[in-house]
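Trainee: I have a model open and want to learn how to read it. Can we go through it feature by feature?

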Amino acid sequence: MDIIGWETERLDRTIDQLREFSKPRKLHFQKGSIQDVVKQTIVVLNHDLKLILGRKIQTRFTSSLPDVEFDADAMEQVVLNL
């Protein structure tokens with residue numbers, strides 16, 4: 001159920017971004033954990049990869065990174081693009 005919620009939110013953001021594609025995008029910087037965004041995005045990707053290819057991304061975070069200011073939606077898009 002969490003994955004469905006995350007996917008729905010991601011698709012909503014993607015549709016909004018497509019609507020505003022011709023406009024310059026304003027980034028919304030907030031302090032947070034990049035690792036949390038990466039982990040959450042990989043959970044969603046792994047669900048899709050398992051269904052489509054029967055594979056998954058394995059990760060290993062050796063330590064916590066300090067919180068930094070970043071745009072969570074932009075970071076999620078970076079991970080999806082990778």
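Trainee: Start with salt bridges. Which residue forms a salt bridge with E76, and how far apart are the closest N and O atoms?

Mentor: The model is predicted, so keep that in mind throughout. To read a salt bridge, look for a side-chain nitrogen of Lys or Arg within 4 Å of a carboxyl oxygen of Asp or Glu. Here the partner of E76 is R13, with the closest N and O atoms 2.4 Å apart. E76 sits in helix α3 and R13 in helix α1, so this pair ties together parts that are 63 residues apart in sequence.

Trainee: Is E76 buried or exposed?

Mentor: Check relative accessible area, where buried means under 20%. E76 has 11% relative accessibility, so it counts as buried.

Trainee: What joins R13, D73 and E76 into one network?

Mentor: Salt bridges that share partners do that. D73 also forms a salt bridge with R13, and their closest N and O atoms are 2.7 Å apart. That pair links distant parts of the chain too: D73 is in helix α3, R13 is in helix α1, and 60 residues separate them. D73 has a relative accessible area of 27%, so it is partly exposed.

Trainee: How many salt bridges does a search of the whole structure find?

Mentor: The search finds 3. One of them joins the side chains of E7 and R10, at 2.9 Å from N to O. E7 and R10 both lie in α1, 3 residues apart, which is about one turn of the helix. Both residues are buried.

Trainee: Now empty space. How is it found?

Mentor: Rolling a probe the size of a water molecule over the atoms shows where empty space is left. A cavity is a set of points where the probe fits but cannot get out, whereas a pocket is open. In this model there is 1 cavity of 30 Å³ or more. About 50 Å³ of space lies in the largest cavity.

Trainee: Which residues line the largest cavity?

Mentor: The lining consists of R10, R13, T14, Q17, D73, E76, Q77 and L80. Helices α1 (2-19) and α3 (72-81) each supply at least two residues of that lining. By class, the lining has 1 nonpolar, 3 polar and 4 charged residues.

Trainee: What about the second largest pocket: how much space lies in it?

Mentor: About 190 Å³. It has 13 lining residues, and the closest to its centre are R13, V37, Q40, T41 and E76. The elements giving two or more residues to this lining are α1, α2 and α3. Its lining divides into 4 nonpolar, 2 polar and 7 charged residues.

Trainee: Last, the overall layout. What pattern does the protein chain follow along the sequence?

Mentor: Read the elements in order: the pattern is α-β-α-β-α. That comprises 3 helices and 2 strands. The C-alpha trace spans about 40 × 30 × 25 Å along its principal axes. Of the 82 residues in the chain, 20% are buried.

Definitions and conventions:
Residues numbered from 1 in each chain as written. Predicted model: local features only at pLDDT ≥ 70, side-chain atom pairs only at ≥ 80, totals over all residues. Heavy atoms only, no water. 1 Å grid on protein atoms, 1.4 Å probe; cavity = no way out; pocket = protein on both sides within 12 Å on 5 of 7 lines; lining within 4 Å. Points joined across faces, edges and corners; volume = space filled by probe spheres on them. Helix = DSSP H or I, 4+ residues; strand = E, 2+ residues; numbered from the N terminus. Nonpolar A, V, L, I, M, F, W, Y, C, P; charged D, E, K, R; others polar. Buried < 20%, exposed > 50% of the residue type's maximum accessible area, 1.4 Å probe, protein only.
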